[in-house]
Amino acid sequence: MPKKTNVINFEKTFTELEELVKKMEGGDLSLEESLKYFERGILLTKNCQQALNKAEQKVRILLEKNNKNNLESFGSDNSD
């Protein structure tokens, strides 16, 4: 079994990102602190995007295995 290194906990990462945004929106940070938080936020955003991409890839593989190759976006309305 492959070793799981650098596994991203999406929920924890997203929560940290939300907290950074709240602090930055508060307006009480110095310019240096804001830049530090912004840099951290960019890293967290990339990590979340990678986790979402991996999850989407897994879903695609599972759907292909079940011969359901058509993925629909979350925004589509399937209420016929």
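Which residues form a nonpolar patch on the surface? Met24, Phe38 and Ile42 do, and together they have about 260 Å² of accessible area.

## Overall fold

The model is predicted. The protein contains 2 helices and 0 strands. Of its 80 residues, 10% count as buried. The accessible surface of the protein comes to about 7,500 Å², and carbon and sulfur atoms account for 53% of that surface.

Contacts between residues at least 6 apart in sequence were also examined. Of these, 53% join residues at least 24 apart.

## Helix α2

Helix α2 covers residues 31-65. With 35 residues, α2 reaches 51 Å from its first C-alpha to its last, close to the 51 Å expected at 1.5 Å a residue. After α2 comes Asn67, which has a positive phi, near 55 degrees.

The buried residues in α2 are Tyr37, Gly41, Leu44, Cys48 and Ala51. Their cover includes α1, residues 10-26. Ile42, a member of the nonpolar patch, also lies in α2.

Thr13 is located in helix α1. Is Thr13 buried or exposed? Thr13 counts as buried because its relative accessibility is 11%, and the buried class is under 20%.

Leaving aside residues up to four places away in sequence, Thr13 touches Ile8, Leu44, Asn47 and Cys48. Leu44 and Cys48 are among the buried residues of α2, and α1 is part of what covers those buried residues.

## The aromatic pair

How many aromatic pairs does a search of the whole structure find? The search finds 1 aromatic pair. The rings belong to Phe10 and Phe14, with centres 5.8 Å apart and planes at 15 degrees, so the pair is stacked. The angle decides the class because planes under 30 degrees apart count as stacked.

Phe10 and Phe14 are 4 residues apart in helix α1, which means that about one helical turn separates them. An α-helix has 3.6 residues a turn, so residues three or four places apart point the same way.

Key
Residues are numbered from 1 along each chain as its sequence is written. This is a predicted model: local features need pLDDT of at least 70, side-chain atom pairs count only at pLDDT 80 or more; totals for chains, interfaces and linings use all residues. Side-chain values use heavy atoms; hydrogens and water are left out. Buried means under 20% relative accessible area, exposed over 50%, partly exposed in between (1.4 Å probe, protein chains only). Contact means heavy atoms within 4.5 Å. Accessible areas come from the Shrake-Rupley method with a 1.4 Å probe; for residues, only the protein chains shown count as cover. Patches are made of residues with over 30% relative accessible area and no salt bridge: like charges are joined within 9 Å, nonpolar side chains (Val, Leu, Ile, Met, Phe, Trp, Tyr) within 5 Å. A salt bridge is a side-chain nitrogen of Lys or Arg within 4 Å of a carboxyl oxygen of Asp or Glu. The expected span of a helix is 1.5 Å times one less than its number of residues. Rings of Phe, Tyr and Trp (its six-membered ring) pair if their centres lie within 6.5 Å; planes under 30 degrees apart count as stacked, over 60 as edge-to-face and the rest as tilted.
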